[in-house]
Amino acid sequence: MHPSWSDVKAVPGWFGSENQGAGIAVADISGNGQPDIVVFHIDNPGGENFGYYRIGWNLDGNGNVTGGWSPVKPVPGWFGAENQGAGIAIVDINGNGRPDLVVFHVDNPGGENHGFYRVGCDLDTSGNVTAGWTAVKPVPGWFGAENQGAEIAIADINGNGRPDLLVFHIDNPGGENHGYYRIGWNLDLAGNVAGGWSPVKPVPGWFGAEDQGAAVAIVGIGGARHLVVFHIDNPAGDNVGHYRIGWNLDAAGNVTGGWGEVTPVPGWFGWENQGAGVAVADLRGDGEPDLLVFHVDNPAGENHGYYRVGYNFLLMNSEILAVHAALMPTGQVAYFSGSQHDIDNNRADRVDATRFWTPATRAIRYVRSPAQDLFCCGHAFLPDGRLVAAGGTDAYNEEVPGAHHPHFPGLRETNILSAAPPAWAAAAPMGPQPGRTVGGGRWYPTLLTLPDGKVLAISGHPTNDDTRHNNTSLETYVPTPAPAGAWTYRGERTDVPDSYPRLHVLPNGDVLSASAMGGLTRRWNPTSGAWSEAATNVAYDADIWWSSVILPLRGTDYNTRILAVGGASARILDLGAGGTATGVAWNDTGPRTVAATPAHGANPRRLHCNSVLMPDGTVLVLGGSTDGTDARAVMAVERFDPASGVWSAPGSLAIPRVYHSVALLLPDGQVWIAGSDHNGGRGMAARERRIELYRPPYMRRGLRRPSISAPRSIGYGATFTLTSFQALQEVVLIRCGSVTHAYNADQRYISLAFQPDAAFGSFSVVAPPDGRIAPPGPYLLFGVIVSTTGERIPSIGKFVQVGPA
């Protein structure tokens with residue numbers, strides 16, 4: 001349940017059997033384009049202490065020092081026989097283009113402690129201070145006679161163009177410790193705090209009566225800044241290193257986005273530590289920050305310094321359980337969950353759980369939810385890019401007598417989510433039970449956008465006053481007349497699955513149910529309302545533990561295949577050109593390649609996994625568990641290539657994702673992953689609230705991705721101009737996804753015909769012919785190139801609206 005971590009790396013040639021503080025920083029000191037690591041420590045030999053630093057040159061993507069280590073360099077004029085914390089930062093304070101070294105320490109003279117810093121000006125390419133050291137500068141108003149770690153970080157927090165100094169320390173008053181930080185504003189060219197100091201700000205929820213090291217870093221993402229706080233807890237036995245993230249520092253240095261969960265660094269070792277440090281750097285060159293964690297081990301005899309790298313460490317707190325999620329055409333991810341799988345929330349009408357997450361900044365925005373409980377509703381995109389959600393939870397199954405038990409009674413209400421600005425609005429309710437004025441409604445329904453832009457609602461459990469256990473009616477919604485729109489009854493299907501049937505629009509306009517109906521795979525014709533047999537067998541069953549996806553539609557005949565995943569064998573249904581074939585059968589794909597682990601055997605079942613269509617034409621399968629528990633979770637990411645039929649396993653997730661987890665493709669080609677109930681359980685304590693991002697192989701360092709520009713909307717059958725200065729091999733539309741319960745009804749991949757124009761960098765692209773191929777709504781447009789090794793590399797996606805001209 002942690003980010004992926006490198007092996008532990010020793011700092012060679014360490015000296016000193018007693019240290020009283022340490023720190024690290026990462027910067028390109030040599031100027032060769034590769035990051036270097038600066039390691040600092042205070043030696044406590046007896047008598048006056050001494051401060052030293054050295055540099056490990058040319059860190060590679062795994063955090064290894066590939067260019068050797070500099071000699072140890074002393075910090076001149078050190079003072080103090082006892083220190084209780086230290087840190088360093090590297091920044092160009094004087095603005096001359098050369099980095100400066102800022103060194104900080106806590107002096108423990110007897111009585112109150114004091115914090116001091118000074119600046120070594122103009123490091124040369126060998127790491128030497130060439131323009132002298134400034135005077136020692138005290139941090140005013142220090143408090144605490146005992147500290148157990150401290151560190152500094154420097155960044156332009158208030159956005160005025162000058163660096164600010166953030167000072168962090170652990171106070172050890174007796175009893176539980178406390179962590180605090182404050183900010184010195186506007187460092188001038190000499191390193192003086194010219195804009196005063198902020199008030200002292202506590203880090204909430206601190207734990208541990210003994211700490212043996214502390215550190216702090218500031219990480220910037222898309223203009224937002226987040227605070228990383230680290231400490232080494234010293235309980236009985238082995239120590240443990242922990243970090244947490246304070247999200248979204250405002251211009252006054254306050255954490256406005258809440259604090260993430262305390263996250264342990266796995267595999268910590270050492271009973272005694274004497275200093276720590278953290279630094280943030282993009283070692284892999286993939287646009288994602290990595291966390292370097294350093295500590296001084298204090299065994300018997302000489303000490304030792306070690307560091308390691310944590311990848312994908314920005315596991316942001318989602319604040320709510322993400323049961324339902326959608327990529328909105330503004331680029332934000334909307335997610336919501338009503339009562340969040342908590343019966344007390346439902347009873348008390350605590351159902352206000354909607355958030356918008358912005359990929360560029362990682363910022364989370366609260367959006368007021370409808371008054372109804374949206375937990376376990378259905379949803380799909382309307383042609384105009386709004387998300388319609390219908391149904392939800394009226395009550396939990398403990399409170400349902402008679403025919404509906406053990407399922408939850410549903411709701412008739414419909415709500416529509418807009419993105420600009422983010423807001424919910426009420427719409428027309430679904431119809432009652434046919435022939436009555438009551439009943440109807442749905443819990444666990446599927447909503448699907450049809451070729452004409454209407455939205456089909458099918459299945460789910462109705463309200464308590466409905467005489468049926470399952471809602472067997474079909475209904476379609478249109479958003480006219482505005483603003484409420486209207487629902488229309490479309491007939492009955494008595495053997496429809498009672499929970500989220502896996503439906504897909506076929507290129508001939510039919511709707512396929514990959515979920516079994518009456519023991520068969522069936523299709524529905526929206527025009528005639530007729531049902532027919534689509535396959536002679538079924539993929540799995542009518543339950544919700546598995547996922548399905550329609551594979552990429554290419555060429556002029558749009559050969560149609562459906563992939564079903566989650567079982568020990570994945571399965572494919574080939575429906576031929578236009579999806580019209582009959583008398584066909586589901587067959588197993590080629591062999592999977594997931595290795596056995598202590599949690600599961602090779603190629604295990606993946607109950608409640610998610611499947612995501614990727615812009616390189618592959619399908620990713622993420623999450624799931626062999627039995628629904630976290631302990632038996634499948635952490636490996638699987639990749640299926642429909643063109644070759646080959647499976648691979650490119651990486652793994654950081655967190656078990658089981659029941660109520662979600663995954664969505666983002667415009668930049670990453671996959672956003674959130675949600676999950678620990679061990680499939682209920683209640684607020686069972687919520688998994690960490691967001692993670694999976695970066696596919698085409699985003700690794702060294703691969704040049706194409707860039708494209710295109711219009712914001714395209715009409716069916718129209719020819720439009722796309723601009724790119726790379727040799728595109730394919731132009732692709734992927735419909736924006738909306739996902740819940742291991743099923744994404746919206747996602748769809750369509751390859752477009754195109755040819756280069758006479759003008760260099762211009763391509764003429766033909767839009768899909770109609771809504772049978774591309775149901776109207778929001779899509780991402782990608783250009784794809786092929787590398788010399790045959791790897792398909794997509795551009796960043798551009799949002800386009802697809803529909804009638």
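This is a predicted model, and it holds 13 cavities of 30 Å³ or more. The largest cavity has a volume of about 90 Å³. Its lining is made up of 13 residues, and Leu448, Ala745, Asp746, Gln747 and Arg748 are the closest to the centre. Two elements each give two or more residues to this lining, namely β31 (446–449) and β35 (503–505). Of the elements, β35 gives the most, with three residues.

What kinds of residue line the largest cavity: nonpolar, polar or charged? There are six nonpolar residues, four polar ones and three charged ones. The lining also brings two domains together, since domain 2 (318–699) and domain 3 (708–803) each provide at least three of its residues.

Now let us turn to a pair of residues that meet through their side chains. Arginine 355 sits in strand β25 (residues 354–357). Is this arginine 355 buried or exposed? Arginine 355 counts as buried because its relative accessibility is 11%, and the cut-off for buried is under 20%. Leaving aside residues up to four places away in sequence, arginine 355 touches Ser318, Glu319, Ile320, Val333, Ala334, Tyr335, Ile364, Arg365 and Tyr366. With glutamate 319 there is a polar contact between the two side chains, at 2.7 Å.

Glutamate 319 itself lies in the loop between β22 (316–317) and β23 (324–327). At 29% relative accessibility, glutamate 319 counts as partly exposed. Its backbone deserves a look too: phi is about 75°, a positive value, although glutamate 319 is not a glycine.

Histidine 608 is another residue other than glycine with a positive phi, near 70°. You will find histidine 608 in the loop between β42 (586–588) and β43 (610–613). Histidine 608 counts as buried, because its relative accessibility is 17%.

Why point out such angles? Most residues other than glycine have a negative phi, and most peptide bonds are trans.

|---|---|---|

Methods
Residues numbered from 1 in each chain as written. Predicted model: local features only at pLDDT ≥ 70, side-chain atom pairs only at ≥ 80, totals over all residues. Heavy atoms only, no water. 1 Å grid on protein atoms, 1.4 Å probe; cavity = no way out; pocket = protein on both sides within 12 Å on 5 of 7 lines; lining within 4 Å. Points joined across faces, edges and corners; volume = space filled by probe spheres on them. Helix = DSSP H or I, 4+ residues; strand = E, 2+ residues; numbered from the N terminus. Nonpolar A, V, L, I, M, F, W, Y, C, P; charged D, E, K, R; others polar. Domains from an automatic or database assignment. Buried < 20%, exposed > 50% of the residue type's maximum accessible area, 1.4 Å probe, protein only. Polar contact = N/O pair within 3.5 Å; in protein donor to acceptor, adjacent residues only side chain to side chain. Contact = heavy atoms within 4.5 Å.
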